[in-house]
Amino acid sequence: MKPHKGSAVAWWRRPFVHLTRLERHEIGWLLAALASSTLLFAFLKLASEVMEGETMAFDTRILRALRDPADPARMIGPPWLQGALLDLTALGSPVILGLVVAAVVGFLLLQTRYRTALFVLMTSASGWFVNYALKSAFARTRPSVVPHLRDVASPSFPSGHALTSAVVYLTLGAVLMHVSNGRLTKFYCLAMAMLVTLLTGVTRVCLGVHYPTDVIAGWIVGLLWASVCWGAAQVLERRTGMKAEQKKAAS
């Protein structure tokens with residue numbers, strides 16, 4: 001029987017198709033490495049500027065701009081805004097983040113997605129360790145230019161709420177993107193994770209418990225750490241067969 005012309009074309013094109021996929025994979029890793037290096041450089045540069053006191057004028061200007069000039073203990077804006085910010089800032093507290101991580105890990109375990117559950121748990125836990133290590137290393141004091149609207153005790157740089165919320169919520173967003181179908185759904189998962197992370201960091205500045213550079217540094221480190229952990233998980237997925245686990249859970 002004479003082979004079908006389409007099948008012959010498909011046969012000779014297969015090596016080129018595989019080569020294209022390989023090239024895309026390598027380019028993806030190169031871009032990820034470039035992005036991670038850029039984030040690391042940005043954090044180190046910002047940390048250097050902060051430790052030398054070169055960002056203090058900028059930080060002070062922002063904090064004072066958010067307060068009533070006649071009464072620095074009051075925020076600008078409507079009276080209900082402060083209460084809303086106090087509620088929103090809890091999204092980055094260790095208690096709330098811990099409950100979110102525990103709930104998600106429990107759900108994943110019930111779905112027999114053991115590797116994914118371990119990934120979420122390890123990424124989140126390591127994020128808290130990174131936060132503690134960096135705060136201890138820099139030991140920056142909290143802002144004193146405006147009264148705090150929330151009780152705080154730990155060092156200021158980087159913002160723990162910004163860092164850990166970025167790690168946890170961006171990781172969960174990435175996991176949801178990974179298991180979701182459709183570009184719109186994937187975009188929604190990422191957008192919501194970024195929104196919650198953004199709101200959590202902004203509240204810390206508005207409440208006067210962090211300098212803006214503390215929050216920016218927290219976002220940078222959180223994004224960097226979440227990206228590194230996600231990249232490591234992708235390598236493990238290819239080696240240990242996480243996709244097979246997903247098919248088992250769906251069946």
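Me: Is Thr 164 buried or exposed?

Reply: Burial is read from the relative accessible area: under 20% is buried, over 50% exposed, and what lies in between partly exposed, with a 1.4 Å probe and protein chains only. Thr 164 has a relative accessible area of 4% and is therefore buried. The model is predicted: local features need pLDDT of at least 70, side-chain atom pairs count only at pLDDT 80 or more, and totals for chains, interfaces and linings use all residues. Residues are numbered from 1 along each chain as its sequence is written, and side-chain values use heavy atoms, leaving out hydrogens and water.

Me: Where is Thr 164 found, and with which residues is Thr 164 in contact?

Reply: A helix is a DSSP run of H or I with at least four residues, a strand is a run of E with at least two, and both are numbered from the N terminus. Contact requires heavy atoms within 4.5 Å. Thr 164 belongs to helix 6. Once neighbours within four places in sequence are set aside, Thr 164 contacts Gly 92, Leu 97, Gly 127, Trp 128 and Asn 131.

Me: How many helices and strands are there in the protein?

Reply: The protein has nine helices and two strands. Their order along the sequence is α-α-β-β-α-α-α-α-α-α-α. Of the 251 residues, 37% are buried. Of the contacts between residues at least 6 apart in sequence, 77% join residues at least 24 apart. For the surface, the Shrake-Rupley method with a 1.4 Å probe gives the accessible areas; for residues, only the protein chains shown count as cover. The protein exposes about 14900 Å², and carbon and sulfur atoms supply 70% of that area.

Me: At what angle do the axes of helix 4 and helix 6 cross?

Reply: Two packed helices are described by the angle between their axes and by the distance between those axes. Each axis is a line fitted to C-alpha atoms, for helices over the stretch in contact, and angles run from 0 to 180 degrees between N-to-C directions. The axes of helix 4 (residues 94-110) and helix 6 (residues 160-179) cross at roughly 25° and come within 11 Å. Helix 4 is therefore roughly parallel to helix 6; the classes are roughly parallel under 35 degrees, roughly antiparallel over 145, roughly perpendicular from 65 to 115, and oblique for the rest. The crossing is left-handed, a term for a near helix turned anticlockwise from the far one by less than a right angle, whereas clockwise gives right-handed.

Me: Which residues of helix 4 and helix 6 meet?

Reply: Helix 4 contributes Ile 96, Leu 97, Val 100, Val 101 and Val 104, which meet Thr 164, Ser 165, Val 168, Tyr 169 and Leu 172 of helix 6. By class, eight of the residues in this contact of helix 4 with helix 6 are nonpolar, two are polar and none is charged. Nonpolar here covers Ala, Val, Leu, Ile, Met, Phe, Trp, Tyr, Cys and Pro; charged covers Asp, Glu, Lys and Arg; the others, Gly among them, are polar.

Me: At what angle do the axes of helix 6 and helix 7 cross?

Reply: The axes of helix 6 and helix 7 (residues 183-206) cross at roughly 170° and come within 8 Å. This angle makes helix 6 roughly antiparallel to helix 7. The contact of helix 6 with helix 7 has eleven nonpolar, seven polar and two charged residues.

Me: Which backbone features occur in the loops?

Reply: The peptide bond from Phe 157 to Pro 158 is cis, with omega near -10°, and Pro 158 lies in the loop between helix 5 (114-138) and helix 6. Ala 139, placed in the loop between helix 5 and helix 6, has a positive phi of about 50° although it is not a glycine. Its relative accessibility of 48% makes Ala 139 partly exposed. Thr 112, in the loop between helix 4 and helix 5, is likewise a non-glycine with a positive phi, of about 60°. Thr 112 is partly exposed, at 28% relative accessible area.

Me: How many residues apart in sequence are Phe 43 and Val 221?

Reply: Phe 43 and Val 221 are 178 residues apart in sequence, yet 7.0 Å apart in space from C-alpha to C-alpha. Phe 43 sits in helix 1 (residues 5-51) and is buried, with a relative accessible area of 6%. Not counting residues up to four places away in sequence, Phe 43 touches Leu 134, Phe 138, Phe 157, Ala 217, Ile 220 and Val 221.
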